[in-house]
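Below is a report on one protein chain. The sequence and the 3D structure come first, followed by notes on selected sites.

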Amino acid sequence: MPAPLPPPMSQALHALCCLTLALLAPLASAASDTLLLQNAQVVDVEQGTVQLLDVLVEGDRISALLPPGDGPDGGQRVDLAGRYLIPGLWDMHVHFEGRDLVEDNALLLPVYLAYGVTAVRDASGSLADTVLQWRGEIARGERLGPRIFTSGQKFEGIDSLWEGDREVGNREQMLAGMDEQQELGVDFIKVTENTLPPELFLQTVAEAHRRGLLVSTHVPLGLGIFELAEAGLSSIEHASYLLRLGYIDKENVDEETIARQVRDGRLGTEQANAAYSDHFDQDTANAAYMRLAAAGVAVTPTLIGGRQLAWLAESDHREDAFLRYLTDDFTAKYQWRIDRMAGETEDQRAARKARYNLTAAQVPQLQAAGVTLLAGSDSAALNTYVYPAQALHDELALFTDAGLSPLHALQAATINGARFMRLGDDYGSIAPGKQADLVVLEENPLEDIRATTRIQALVHGGQLYDRAVLDALLEQAAARKKALEAGTP
């Protein structure tokens, strides 16, 4: 394969690259505005088919899909020799967090690209202003990383446990916060339930919808899922909340009834959670999922975090390869969940595993009901052993382990995310006119979704990055991690 140019670099990134300059130097040649990917097995993520084609990229967009050998002369030509071509992957639920971890998070941005992740949706952390800055820098080509969609600050109640959120105690404060978020140009609104009263929570969802904004939430015990759907909810984050839709007891008490009782003060939090843990009926849940699909509410399951915690006692993560990119300060944040689980009994561990298995089993049921699934890792410094970039691939594998087809898993990480963000005309599949964000794989992901980890090259914004360049980016991240731990600015 002809050697591509290294990706364009900002001054800040150039400083990070000094340790690997010798590796990159042989790749420095003039870029072309035209790139022809020859003999690519193009994966159609909408139809689930594969076709041998030449893919012509002009500038940062795909200009044509051609029969092999029909491409124009000139420009950069790369023979993929029958390797598989998929759209860039989208992680639809990440967190950049830790006000003391700005550089620790920043070094991971090129790592996402090396793992084939060309877009991420930041579901709010404690670095809202910084993430908005990164979003702009990446869009302008000043920083290397995936396209960022961000909610800015998430909406919460007064004295929430979350650092850096937008705390609101009444409608006026909520409206002022919504005005500010819109002025900042956030991509969606995120709402969580730690201290936000149910009535104000519902008003926040409705206001975001009224303004034409996407809105993603957790689900408070005092609100029914379909109340939120009627108010204009766009997506539910974490499939564990959906287990409530399978609840019904012998007296026909269901999720909506429990939500009313919690909101009215007739049922406490512990009582409500205990009720939900006692009963689950799959047929009841499936009927509710069809209602959810009809309401147009998407779901981001985020299985990997629950999987890591449920099997924490049986897992030894000390030699995990991804740790070479994570600073000690970053991984130190994992400890709070580890400490919280330290006293769990065998019965509690078994219950945690059972809850994970039940949650995972809902993924193919949601797909069958027509609910839009969004693949999101929930990677964050606070989420134990959920590694940025890698965890999206782990999530897709868990989807198929739970019974989802490889095609539907791949859709959840490509076309579904693009369409959810109202960008389906530009991203998410391989077609003329779309952005040239592409991943070259050694094997067919429609046969085994774990093929998404076997990346041979990346095209991002029309620029080709071969395996050597991707490996160089990873080496830079590892070197930057060591420099931060050594106290180097």
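Which side chain does the side chain of H95 join through a polar contact of 2.9 Å? The partner is the side chain of D378; a polar contact is a pair of N or O atoms within 3.5 Å, where, within protein, one must be able to donate a hydrogen and the other to accept it, and residues adjacent in sequence count only if both atoms are side-chain atoms.

This is a predicted model, in which local features need pLDDT of at least 70 and side-chain atom pairs count only at pLDDT 80 or more, while totals for chains, interfaces and linings use all residues. Residues are numbered from 1 along each chain as its sequence is written, and side-chain values use heavy atoms, with hydrogens and water left out.

The pLDDT is the predictor's confidence in each residue, from 0 to 100. Its mean over the protein is 92, and 93% of the residues reach 70 or more. Residues 1-31 have pLDDT below 50, and this stretch makes 51 contacts in the model beyond near neighbours in sequence. A contact means heavy atoms within 4.5 Å.

**The H95 site**

H95 sits in the loop between β6 (89-94) and α3 (102-106). Helices (H or I, at least four residues) and strands (E, at least two) are DSSP runs, numbered from the N terminus. H95 counts as buried because its relative accessibility is 11%; buried means under 20% relative accessible area, exposed over 50%, and partly exposed in between (1.4 Å probe, protein chains only). A polar atom of the H95 side chain also lies 2.5 Å from the backbone oxygen of S124. Leaving aside residues up to four places away in sequence, H95 touches several others, among them N105, D122, K190 and N383.

By contrast, E183, in helix α6 (residues 171-184), counts as exposed because its relative accessibility is 69%. Its C-alpha is separated by 45 Å from that of E319, 136 residues apart along the chain.

**Helix α11**

Helix α11 (residues 282-294) has 13 residues and reaches 18 Å from its first C-alpha to its last, close to the 18 Å expected, the expected span being 1.5 Å times one less than the number of residues. Its buried residues are A285, N286, A288, Y289 and L292. They lie on the same side of α11 because they cover an arc of only 165° around the axis, taken from the directions from the helix axis to the C-beta atoms. D283, M290 and A294, on the other side, are exposed. The buried residues pack against α8 (225-231), β13 (235-237), β14 (298-300) and α15 (346-369). Just after α11, G296 has a positive phi of about 75°.

**Paired strands**

Two strands pair if DSSP finds at least two bridges between them.

| Strands | Bridges | Opposite residues |
|---|---|---|
| β5 (residues 84-87) and β15 | four | Y84 and L441 |
| β15 and β16 | four | L441 and I455 |

β16 and β17 form a hairpin with two residues between them, and G461 in the turn has a positive phi of about 60°.
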